[in-house]
Structure formats: C-alpha cells, structure tokens
Amino acid sequence: MKIVVNMLSKADSVDGQGVGSAYIEQVNLIKEELNDIFEVRINSKKKADIVHVHSVNPGFYFRFKKKNGVRVMYCHFLPETLKGSIKLPKPIFAIFCKYVMSFYKKAEYLVVVNPIFKQDLIRLGVKEERIIYIPNYVSKDSFYPISKDEALEVRRKYNIPEDRFVVLGCGQVQTRKGVLDFVEVAKMNPDIEFVWCGGFSFKGITDGYNELKKIVDNPPCENLKFLGIIPRTEMNLMFNMSDCLFMPSYNELFPMSILEAASAGKPIVLRDLDLYEDILWDNYLKGTNNEDFSSLIRTLAQNTSYYEKACQLSNHISEYYSKENVAKLWKDFYLNIYETRKDNKKK
C-alpha cells in the first residue's frame with residue numbers, strides 16, 4: 001500500500017512566480033521518480049499520511065491539522081524577504097508577517113530550499129530539529145540546450161537582434177529583484193541587448209510599482225526590452241535565445257531561474273550574496289555593483305575562452321542538482337517522517 005501525500009497549493013494560480021515553478025517540479029519529481037512508494041493527491045479534502053503545504057493560502061491554514069497527516073510545509077520566503085516585493089500599509093504588513101510565522105509554526109517539519117535560512121527561522125522561534133534542507137530541482141526534460149537555428153527563431157519572434165550578445169533577466173518586476181540595476185547596466189552597454197521576462201504578478205501592491213511601471217511601459221534605452229510574463233512552457237526557449245542570465249537581486253532563497261539557465265547551459269551573473277555561497281559555491285560570476293556587472297557581461301561578450309569557462313560552471317550546478325540526488329532526499333525525508341508518526345502512534 002502506497003503512502004499518500006496530499007499537496008496543498010495555489011502557487012501555480014499566479015503566473016510568473018518561482019514558487020509556482022518549484023511546486024510543479026517537486027510534484028512531478030515525486031510522481032515520476034517515486035510513484036512506486038507514494039501516491040500524490042492535489043488539494044484533496046480526504047485524509048492523507050502526509051500533508052505538504054506549498055503556499056500560505058488561508059484555506060490551507062485551517063486544514064493543517066494533526067489528524068489529517070504529518071504536517072510538512074515549504075518555506076519559500078521569510079517575512080523580512082517580503083520587503084521589496086510587496087507594499088502594504090504597515091499595520092496590514094505586520095499582521096501578514098505574523099500570520100506567515102503562525103502558519104510555519106503549525107508545521108511539524110519546515111522544508112527550506114537554502115540552508116542559510118535555518119538560523120533565521122530558529123531566531124524566529126522554529127525549533128532546529130523541525131527544519132529540513134532540500135534544494136529546488138529542475139527537470140532536464142523541460143530545460144535543455146536547443147539548436148542555434150531554433151534560438152534564432154525565438155529572437156526573430158521577439159524582434160531581438162540576431163547578431164547581438166543578449167542578456168536575460170527574469171522574475172517578477174520588483175525592487176527586490178534589482179530591476180533598476182538591470183536597467184542601469186543596460187544603459188551602460190548600448191551595444192548589448194538586455195531582455196527581461198516577467199511582470200507584475202502582485203500588480204499595484206508590488207513594491208516600487210509606479211516607478212517600475214513607467215520603465216516597463218517606456219524603456220529608457222533602445223537595447224532594453226520588457227517582454228512581460230512568459231509561460232513557463234516557453235521559458236526554455238528564452239534561456240536558449242540568450243547568451244547569459246543576469247539577476248542582480250538583493251534578496252532571494254534559491255531562484256528557479258538559476259537552475260533553469262544552468263540546465264540550458266548558460267553563464268550566470270549574480271549579485272554577491274551570502275545566500276548563494278552554500279548552494280552555488282563558486283559556480284557563477286558575481287559582482288557587488290553595476291560597474292562589476294557591466295565588466296563581467298562585457299568580458300563574456302568579448303572573450304570566447306572566458307565565456308566557455310562560465311558555461312562549464314553552470315554545468316557543475318546542473319549536474320549537482322540532478323533528478324536522482326534530489327529525489328533521494330525527498331524519498332528519505334518522507335519515509336522518515338511517516339515511520340516516525342507510526343512509531344509515535346504505537347507508543
């Protein structure tokens with residue numbers, strides 16, 4: 001008899017969110033690689049052996065009960081990481097942050113995708129033994145290199161110059177994502193094309209919405225394009241039509257776009273943040289300011305040997321976060337908490 005895992009999520013109800021991508025990949029991983037042990041249900045109201053919550057929707061809060069199964073929750077963000085993402089009146093923002101932490105504390109196990117957030121959760125009152133680290137994962141069936149001719153077709157579709165070096169940025173258009181820095185680096189390099197895939201998933205409550213909306217509607221330079229939210233099924237084409245991924249975010253956990261770009265074999269340029277050190281090591285190019293970013297991108301565009309070495313770094317990321325490695329982590333975790341619950345019942 002299979003162990004039943006009920007996945008509770010609305011993460012894929014809003015386009016352009018990395019949380020939704022992570023949810024889709026994790027569910028598919030369990031269904032495809034571990035279906036001999038686990039039966040996956042989606043938003044079921046029936047009892048299950050394990051209830052795994054992926055998003056903080058209020059409806060799930062009240063269904064998160066001990067009698068419904070072992071309570072597992074993904075931690076995709078911390079209250080402080082919401083700053084720079086959404087803008088709410090202070091009293092409402094404070095209430096929302098308390099609600100999120102209350103939700104997290106209801107879980108018997110909290111899964112983080114980046115080990116650096118363990119200490120933050122402990123500081124916020126979560127017991128260390130309840131925090132589990134399992135990284136994100138991207139399927140090579142969905143993200144992979146394509147031919148040069150196919151990539152050129154994508155450029156033609158979006159009116160992107162075929163003979164230019166193309167820098168891709170992706171994610172929600174938010175202050176936290178470093179969109180303003182992306183724009184400034186584009187201004188510094190008029191001979192390089194800069195393309196951003198993503199939009200305003202939170203619309204008017206997005207932090208910096210008014211300023212960013214003006215830039216998106218009227219880009220300040222000719223070599224900058226905002227394409228809006230691209231369906232995830234088409235994002236492999238976008239990574240392949242570009243020459244590198246550039247994400248100057250100020251705060252992240254473990255962006256799915258990094259794994260997706262790495263799986264497509266593209267160099268990755270990121271802001272030098274502590275949170276990347278334990279998950280990417282030295283397998284990416286990093287800078288601390290726009291001058292650094294501009295220099296790294298120009299070197300990638302002009303130095304073939306440097307570019308090839310940067311591609312090799314991305315391949316290291318893709319190989320480490322393989323389907324087999326991450327599937328084993330989920331298998332061991334689910335089996336362990338299921339057996340622990342059974343033992344506790346016997347006692």
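Helices (H or I, at least four residues) and strands (E, at least two) are taken here as DSSP runs, numbered from the N terminus, and by that convention N43 falls in the loop between β2 and β3. The structure is a predicted model, in which local features need pLDDT of at least 70, side-chain atom pairs count only at pLDDT 80 or more, and totals for chains, interfaces and linings use all residues. Residues are numbered from 1 along each chain as its sequence is written, and side-chain values use heavy atoms, with hydrogens and water left out.

**Sheet with β1 to β6**

- An open sheet is formed by 6 strands in the order β2-β1-β3-β4-β5-β6, with parallel pairing, where two strands pair if DSSP finds at least two bridges between them.
- The edges of this sheet are held by β2 (38–42) and β6 (131–133), and because each has a single partner strand, one side of each is left without a neighbour in the sheet.
- From one strand to the next the twist averages 25°, with axes being lines fitted to C-alpha atoms, for helices over the stretch in contact, and angles running from 0 to 180 degrees between N-to-C directions.
- Strands β3 (residues 50–53) and β4 (residues 70–75) run parallel and are joined by 4 bridges, and within this pair H52 stands opposite V72 of β4.
- Helix α3 (residues 90–106) lies across β3, β4 and β5 (109–112), and its direction makes an angle of about 140° with β4.

**Sheet with β7 to β12**

- Another open sheet, again of 6 strands with parallel pairing, has the order β9-β8-β7-β10-β11-β12.
- Here β9 (224–228) and β12 (285–287) stand at the edges with a single partner strand each, so one side of each lacks a neighbour in the sheet, and the twist averages 25° from one strand to the next.
- Strand β8 (residues 193–197) pairs in the parallel sense with β9 over 4 bridges, and F194 stands opposite L224 in β9.
- Strand β7 (residues 166–170) also pairs with β8 in the parallel sense, over 5 bridges, and the bridge partner of C170 in β8 is C197.
- In a regular strand the side chains alternate between the two faces of the sheet.
- In β8, E193, V195 and C197 point one way and F194 and W196 the other way, and all are buried, where buried means under 20% relative accessible area, exposed over 50%, and partly exposed in between (1.4 Å probe, protein chains only).

**Nonpolar cores**

- A nonpolar core is a set of buried Ala, Val, Leu, Ile, Met, Phe, Trp, Tyr and Cys residues joined through side-chain atoms within 4.5 Å, and of the 90 residues in the largest one, Y104, W330 and Y334 touch the most other members.
- Leaving aside residues up to four places away in sequence, W330 touches Q26, L29, I30, L34, H52, Y74, V111 and I134, with contact meaning heavy atoms within 4.5 Å.
- A second, separate core of 28 residues includes A186, W196, C244 and V269.

**Second largest pocket**

- The second largest pocket has a volume of about 310 Å³; on a 1 Å grid over the protein atoms alone, a pocket is an open set of points where a 1.4 Å probe fits, with protein on both sides within 12 Å along at least five of seven lines, and lining residues have an atom within 4 Å of a point.
- Grid points are joined across faces, edges and corners, and a volume is the space filled by probe spheres set on the points.
- Among the 17 residues lining this pocket, K148, A151, N240, D243 and K266 are the closest to its centre.
- Two or more lining residues come from each of α5 (148–157), α8 (235–241) and α12 (304–320), and α5 gives the largest share, 4 residues.

**Individual loop residues**

- P135 lies in the loop between β6 and α5 and counts as buried because its relative accessibility is 5%.
- Not counting residues up to four places away in sequence, P135 touches V113, F254, Y321, V326 and L329, while the C-alpha atoms of P135 and V195, 60 residues apart along the chain, are separated by 27 Å.
- Most residues other than glycine have a negative phi.
- N43, a residue other than glycine, has a positive phi near 50° and is partly exposed, with a relative accessible area of 26%.
- W281, in the loop between α10 (274–280) and β12, has a positive phi near 55° and counts as partly exposed at 34% relative accessibility.
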